[in-house]
Amino acid sequence: MNDKVFTKPIKKQFEFDEEVAAVFDDMLERSVPFYKEAQKITEFFALKNLNENGRVYDLGCSTASTLLSIHRKLSNKAELVGLDNSEAMLTRARKKCEAYGADIEVCNADILSYDYKEADVFISNYTLQFIRPLVREELVKKIAVSLKKEGVFIFSEKVISHHPKLNKELIECYYDFKKEQGYSEYEIMQKREALENVLVPYSEEENIKMALIAGFSHCEVLLRWANFATFIAVKE
């Protein structure tokens with residue numbers, strides 16, 4: 001289904017409800033620049049670091065698209081676990097996993113309080129930005145503790161610049177992208193208002209610093225387009 005969520009006046013802050021879940025895959029591809037490329041690079045590094053009988057967690061797995069991509073190329077035995085707190089998203093995730101015959105566990109869970117088992121890989125695509133900053137940093141510490149030695153955390157985030165002029169131009173560049181995807185000025189404005197105070201992005205430098213303070217030995221950008229970036233953090 002095509003994303004038409006913001007063609008009408010908004011009455012609430014943005015949330016991952018049934019209306020959003022129904023069009024989420026289309027929304028991602030039309031709202032996130034180079035989304036497929038970011039997903040492919042996430043898949044590549046996840047597979048490179050997922051050992052035999054290993055485990056990968058996808059935090060905020062939504063409709064399980066990333067885990068399904070990993071499952072298709074998996075050559076060894078591994079446990080794939082997706083966590084989300086939107087039952088509407090998980091309903092679609094379960095249907096997709098069943099349709100593809102994919103052995104993927106998807107759970108309705110709070111990623112902040114979940115009891116993680118030791119894992120090779122953690123993935124978080126555009127999820128951290130919806131978590132309050134202080135709590136976000138605690139979650140990243142929890143991820144670092146739960147990873148095996150040489151494990152990796154791959155995460156994608158919307159980012160800001162602390163240079164006012166550049167930040168304004170990054171936003172303009174992104175809005176041009178959305179217009180090219182068929183979104184109207186009205187839809188763009190509506191979504192921006194709905195996300196106000198719900199999505200709190202960090203800069204590229206702040207994301208890297210957060211990972212290093214949390215206990216990762218290294219963190220860098222794998223892919224960046226204007227104000228969207230995919231990071232990898234390595235535990236040694």
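In this predicted model, strands β4 (residues 119-125) and β5 run parallel and are joined by 6 bridges, where helices (H or I, at least four residues) and strands (E, at least two) are DSSP runs numbered from the N terminus, and two strands pair if DSSP finds at least two bridges between them. One of the residue pairs is V121 with its bridge partner V152 in β5. Between these strands the chain passes through helix α5 (residues 133-146), and this β-α-β crossover is right-handed, a term for a path from the first strand over the helix to the second that runs clockwise when the strands point away from the viewer.

| Partner of β5 | Sense | Bridges |
|---|---|---|
| β4 (residues 119-125) | parallel | 6 bridges |
| β8 (residues 228-234) | antiparallel | 7 bridges |
| β6 (residues 202-203) | parallel | 2 bridges |

In β8, T230 is the bridge partner of S156, while I160 stands opposite S203 in β6. Strand β5 is mostly covered, with 10 of its 14 residues buried; here buried means under 20% relative accessible area, exposed means over 50%, and partly exposed lies in between (1.4 Å probe, protein chains only).

Helix α5 has 14 residues, which at 1.5 Å a residue should span 20 Å, and its end C-alpha atoms are 20 Å apart, which agrees; the expected span is 1.5 Å times one less than the number of residues. Its buried residues are R136, L139, V140, I143, A144 and S146. They lie on the same side of α5 because they cover an arc of only 165° around the axis, the arc being that of the directions from the helix axis to the C-beta atoms. The elements that cover them include β1 (54-59), β4, β5, β6 and α8 (204-214), with contact meaning heavy atoms within 4.5 Å. The face turned away from the buried side of α5 carries the exposed residues L134 and V145.

Helix α6 (residues 164-180) can be read in a similar order. The buried residues of α6 are N167, L170, Y174, Y175, F177 and K178, and they are on the same side of α6 because their arc around the axis is only 155°. On the face turned away from that buried side are the exposed residues K165, K168 and E180. Just after α6, G182 takes a positive phi of about 100°.

Residues are numbered from 1 along each chain as its sequence is written, and side-chain values use heavy atoms, leaving out hydrogens and water. Because the model is predicted, local features need pLDDT of at least 70 and side-chain atom pairs count only at pLDDT 80 or more, whereas totals for chains, interfaces and linings use all residues.
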